[in-house]
Amino acid sequence: MDLLELVSSNKIFGGLQKVFSHQSTELTCKMNFSVYFPPQAEGGDVRLPVIFYLSGLTCSEQNFISKSGFQRYAAEHGIIVVGPDTSPRGVKIPGDDESWDFGVAAGFYLDATKDPWSKNYRMGSYVNKELYDLILSAFENVVDIDRIGIMGHSMGGHGALTSGLRNPGQYKSISAFAPICNPSACPWGVKAFTGYLGEDKSKWVEWDATELVKKYDGPLLTLLIDQGAADNFYIQKQLMPENLVEACRSVGMPVILNLREGYDHSYYYISTYIGEHFDFHAKILKA
C-alpha cells in the first residue's frame with residue numbers, strides 16, 4: 001500500500017477534514033488528496049458510503065473543502081468524501097504552466113496518449129484505479145466498497161460523468177455542477193483533447209460523456225446535472241448540458257437537468273445547491 005503522509009486535519013461539523021499526500025505511480029509525482037470523515041466514522045466500527053468529488057480548472061484539492069460547505073451535509077448523511085487534485089504537480093513538462101485551461105490544474109481526468117503528456121497526465125487511471133484502490137485499502141475499516149458515488153464541477157463534472165460511464169458499476173450515483181458535457185464540441189475540450197490525445201477524434205469520444213452515454217452498457221444510472229443559467233461558460237457554449245440530455249433521452253438513460261436562474265459558475269452557486277446533491281447521492285447510496 002502507498003505510504004500516506006498526513007498534511008492537515010481540522011475538525012468541522014463533528015467530523016475531520018483531512019488532507020493526505022502520497023507518491024503516485026500513475027502520475028509519477030507526489031499528490032495531495034482530501035478526505036472528510038464524518039462523525040459516524042469515529043471508532044471505525046461502521047462502514048460508510050463514499051463520494052469522490054472532482055474539482056474544476058485552476059483548482060487543487062483545497063477549493064471544494066474550503067468553499068462549498070459540503071461537510072455539513074456529509075456529516076448529516078454519514079458520508080465520507082474524497083477529493084483529488086486536478087493534475088500532476090511538479091513534473092515540469094515544458095509549457096505545462098503557460099495557460100490556465102491546459103497543463104497544471106487542467107488534467108481533464110483523462111489518460112493522455114500524446115507525448116510529452118502521456119507519461120504523467122493519467123488522471124483517468126489515477127482517480128478510477130490508483131486513488132480509488134488506495135482509499136478502499138487505506139480506510140477499509142470505514143469504507144463500504146458497495147456504496148460509492150462520484151460528483152464534480154466544470155472540468156471535474158466532465159470527469160465525474162466520464163468516470164461513471166467508462167467504469168460501469170464502480171459508482172452507484174453520479175452528479176455534476178456545470179459540467180463540460182460535450183468536450184469534443186467545445187473550445188475547452190478541443191484544446192485539451194488535441195493536446196493530450198492528438199488529432200484523431202475517434203480517441204476523443206472515449207472521454208466525452210455525451211458520446212459515452214450512447215454506448216453505455218451497465219447498471220441503471222440516473223445522472224443529476226446542475227447548471228447556473230447566468231454562467232458565462234454556459235452562455236459561451238463551453239458546457240452544453242442540453243447535448244448530454246438529448247443523448248441520454250435517445251438511449252433511455254434517466255437524466256435530471258436543473259437550470260438555476262441567476263446563478264453563475266462559482267462556489268457561491270455550488271454551496272447553494274450542494275445539499276441537494278448530497279440528498280440525491282444519499283438516497284441512492286443508502287437505499
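**Around the annotated site**

Modeller: Ser-154 lies in the loop between strand S6 (143-153) and helix H4 (155-166); helices (H or I, at least four residues) and strands (E, at least two) are DSSP runs, numbered from the N terminus. This is a predicted model, where local features need pLDDT of at least 70, side-chain atom pairs count only at pLDDT 80 or more, and totals for chains, interfaces and linings use all residues. Residues are numbered from 1 along each chain as its sequence is written, and side-chain values use heavy atoms, leaving out hydrogens and water.

Biologist: Is Ser-154 buried or exposed?

Modeller: Ser-154 has a relative accessible area of 3%, so it's buried (under 20%; exposed is over 50%, partly exposed in between, with a 1.4 Å probe and protein chains only).

Biologist: Which residues does the UniProt "active site" annotation cover?

Modeller: That unreviewed entry lists Ser-154, Asp-231 and His-265. UniProt positions are in the numbering used here, with feature names shortened, and annotations may be inferred rather than shown by experiment.

Biologist: What does His-265 touch?

Modeller: Not counting residues up to four places away in sequence, its contacts (heavy atoms within 4.5 Å) include Ser-154 and Asp-231. His-265 sits in the loop between S9 and helix H10 (267-285).

Biologist: New topic: how many residues of strand S8 are buried?

Modeller: Six of six, for residues 223-228.

Biologist: And which strands pair with S8?

Modeller: S7 (residues 173-177) does, parallel, over four bridges, and S9 (residues 255-260) does too, parallel, over six bridges. Pairing here needs at least two DSSP bridges between the strands.
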